[in-house]
Structure formats: C-alpha cells, structure tokens
Amino acid sequence: MNSEFSSKIIKNLMQWGVKEFYVCAGARNVPLIDLLLNSKNIKIYSHFDERSLAFYAIGRIKSLKAPVAVIVTSGTAVAELFPAVIEAYYSDLPLVVVTADRPRKQRGTGSPQTIEQKNIFGMYVAACIDIEANEEFSIACYKRNKPIHINPCFDVPLQTKENKEYNLENIIPIEFIKETYNYSKEFDVCKRFFSISKNLLVIVSKNNIENKSILIDFLRFLNRPVYLESISNFRECVELQDIKILYANNLWERAKLLNIEFDSVLKIGNTPTHKIWREIDESSLNLNVLSISESYFSGSCNAEHLQVNYETFFPQLKKFLLSSNNFNKSEMKNLIDQSTTKFYKAIKLLNEFSNSEYAFIHKLSLKIPESSFIYLGNSLPIRTWDMIATFESKNFQIEASRGANGIDGQISTFLGCALENKINIGIFGDLTTLYDLQSLWVKQYHEKLSFIIIIINNSGGQIFNSVLGGKTVDFCKNEHSLQFKSWAEMWDIKYQLIENINQLIDNSFFLDKYSRQIIEIKPCNVETENFVKKLALI
C-alpha cells in the first residue's frame, strides 16, 4: 500500500513540473526513497542536513526555472525546512516540501518523532495537503509561484521485500494555460500616478533577466533618473547611461541641495536592497510610491502595488501613457552628473584606504572575468557591491536571495544557482559563512561545477557599526577571531588567505572554469571605518 501511495505522490509532483528530488533520509520517508531509487531517470540528491538541502533546492529552482521537491522524515526534521520555506514564499518560488508523517492516530500522544506537522508552515505555503494512503489528492490547481507542503502519513511496514521497478518516464507535466490580462485598472493607477509625478525617481531591483529588453525600452521612454541595483542585472547597461544614478547614498539630501524635491518613486521589480528604499518607510519623506512587479509583494507599507506580467504590461503601458516628461531636464542632468562625480571621488578615495572592505570589493569587480556568474550574499557584500563595484560593461549575471533578507542558507543557495561550464563566484560575509558550513556537501554531485567562495572576514557583523551605537553595537557584532582554512581542508578545497590588496593584482585564480576554491579576505576594519567617515565629507 505504501508503494502505491508513494507512486501517487511522485506522479503528482512530476505532473506539476518537479524535475529534481532532494532527500534527507530517515525511517518514515523510506517508502518514498524506495520508489525513487527504483525509478528510471529520476534525479535524486541526498544529504543529512535538511536546512542546507532545502536552501540548495531554492538555488536549483532559480537555475532550472522549475519546481523541485525536498523529502524529509517526521519530527523535528520538518521544522528544519522552515527558513527555506519562508524564503521561497517571499521569493515566489515553487518549493515543494514532502514531510513523511506518522499515522494520524499518533498525533497528540507524545509518540516518538511525532509532532504536529499538519499546517506547521502556516501562511507560508499555498497549501498543506495532509493525506493517508487511501485518500485522493491533486496539486494541479496550484500556481507554480509559491511553496506547497505535502504531508503523507505512512503506517508500517515502511519497507517491503519486493523490489519493483517503476517507470515514471512518460509522465507529462501539466501545461498551465497562459492567463489573459486586462490591465484597465492598472493603467488607470499608472495614469493617475504619472500625472501627479513631477519629480520622479525610478528604482529597479531584481527582475527576470528575460524581460531586460522590455524594461530598458520602457525606462528610456520614461526618461527619468533611475537607480539600478546590481541584482537587477541592468547596472552596466550603456543604453541607460544618460539617466543612470551611479551613487545613491544620501540621495534625498543631495537632491535637495540641487533644489530637486522628489515627490514620487516608481519601483520596478522585487524589494530593493538599498537604504533609500527603506527610508521611504522609516523617515518623514512624503512620497507617492508605486510598485510594479511580477511578485505579489510591494516591499513597502507606503506603496501602491501592481502585480503584472511584464511581457504584456509594459509595452501596453508605454502606448497607454502620454509621455509625461515634465521633469526638469537640466535638474536631472545635474543630479546624474553629481552622482557620477561622487562615485568617482569614492573610487579615488580607495587609494587612501586600499585595504578597506570597499577597496577589496571594487578590486574584485575589476578582476572577476567577464560573463561570470556572481552571487552576492547578505548583508554587507551586496550593499558594498552596489555602492562601489565597477560600472564597466562586463556582462555579469548577478543573483541574490532577498526574499526574507536572511543570512542563513546563502552558500547552499549559491551552489544551487551555480552553472556548469561557467565561472561561479559567491561573495559572503564571515557570519553568513558560519551559518552554512554544511553547504559544500553538494560538490560530490557535480564534478563539472566550479565555484569560488569569497569570504569577507571582518571578524563579525560590522554592518552594525552604521546602524547602532554604544555598548549595543559591540554586543550585536558577535566579534570573533575565526579563520576558514580548516573549513576548506575539511572539504578538500583549495584555500587562499588575502590580507593585502596587492594580492588581488593577479586574477589567475578566477580563470579556471573547473576550479574549486575558498578565498578568505581579511580587510582592515579601521580603514573601512575611516573610508566611510571621509567619504561622507566629500
């Protein structure tokens, strides 16, 4: 009975489009494991750490553009999936978690490895399907844009002596019908927004790279100053050079000095990482804010939000809107010129603080080869890259996990996103790395996958220096004197320690597509602090 039950579950998942299965083995999920192992052409990955495996699965969803499933045993193993489920929820990713459970009759009894698994993920899943062997179910009705929880209850015997082979090759995924869109209400919102937007700032964050040409065309049509975050993958676009803001720190104050009073912000994409976006909620700025995204979330309590399909929406919006370029072009040019000047002053200042964290990140952006895949981990690396990385057109493909803005599971997600036959570089802080030391298990499954993990080891959470003060800042930084050489040795990966910017002059360690390396960079924290202080005075 359990074999048939498991077959029904796996067929449902494959019909929904699941391409790969990630298994943390235990006793209670043995029926599912037996079926997968006895099925042809099924991709199975195995690891003992549920949290790392689930975050790796998130990376695979980003890479495959398709759902994947994580299968775990009963009990606290289920709870280990919660951080990744939350990330998938806020990132609109179709992560399926299959949590093998004890029979329903054992709930509430304190029976070993029996917890209340039904609805454990609450609002963070599109559905919790709690089923026993004799019950029918289907996930065909759910869109592939949110996590789903399947909780099958298996009774003994968990394993039979039969070694039946299953043929799951001919299962055809459901073809989801493309929705037709009538954007009349959305266009009315946009028309009203643009009619009152005299001084408009545009912020572009994470978007599907397949929509790049559509968005570039729309941004050129708007002809307003635009801040392009690195994870937008538009940062290098020469087509937007004349409207691009290179340096956004203290943007609102600098605009006022030019007699520019921004009254509106248009955000395109997922929630931005830059402080100028948080200041919309946290400060007294009185701004009209419109969020346009393929995501369900606006990213701000003060934004009016439109969830749209870019491919159909923006070309129509361009035709619908009369060009409303009532932004003073001379003022716009002054703002763009000022931001450009500020950026290059910051670059010049790096010569004085050459071993600061900012200098290392800038040098890395210059040395990393063109067309590399770059993953930016939370929290300082992504902000520092946005601020100081080169604007040279290097065709980088940049990714990050910014759904819940957590620092857990970042390296696992990077390795899931990484591409074979590509130079894959992940940049992480030291605390982020310590959160995810299990992540390198995946190297056994991908012989052709190269990766370089760059750890910016500034001895703790130095980001708190900029947001806290007094005794609290020292407490929250979690300062340490740890290094990562032993971690590299444990996983048999090449290691290099860099403590001086001159060691980055040679970029040979970036050129081998088949290398696996851990590069630990130890910036000078005093230089980093002094760079920030002096930059504020320029």
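**Charges of the protein chain in the predicted model.** In this predicted model, the mean positions of the 60 positive and 60 negative charges of the protein chain lie 3 Å apart. Lys and Arg count as positive and Asp and Glu as negative, while His and the chain ends are not counted; each charge is placed at NZ of Lys, CZ of Arg, CG of Asp or CD of Glu.

**Surface and burial of the protein chain.** The protein chain exposes about 23700 Å², of which carbon and sulfur atoms supply 49%, the areas coming from the Shrake-Rupley method with a 1.4 Å probe and, for residues, with only the protein chains shown as cover. Of its 538 residues, 56% count as buried, where buried means under 20% relative accessible area, exposed over 50%, and partly exposed in between.

S3 sits in helix 1, which covers residues 2-15, helices being DSSP runs of H or I with at least four residues, numbered from the N terminus. With a relative accessible area of 22%, S3 is partly exposed. Between S3 and V30 there are 9.9 Å in space, C-alpha to C-alpha, and the two are 27 residues apart in sequence.

**Contacts along the protein chain.** Among contacts with a separation of 6 or more, 75% are between residues 24 or more positions apart, a contact being heavy atoms within 4.5 Å.

Residues are numbered from 1 along each chain as its sequence is written, and side-chain values use heavy atoms, with hydrogens and water left out. Local features need pLDDT of at least 70 and side-chain atom pairs count only at pLDDT 80 or more, whereas totals for chains, interfaces and linings use all residues.

Methods:
Buried < 20%, exposed > 50% of the residue type's maximum accessible area, 1.4 Å probe, protein only. Helix = DSSP H or I, 4+ residues; strand = E, 2+ residues; numbered from the N terminus.
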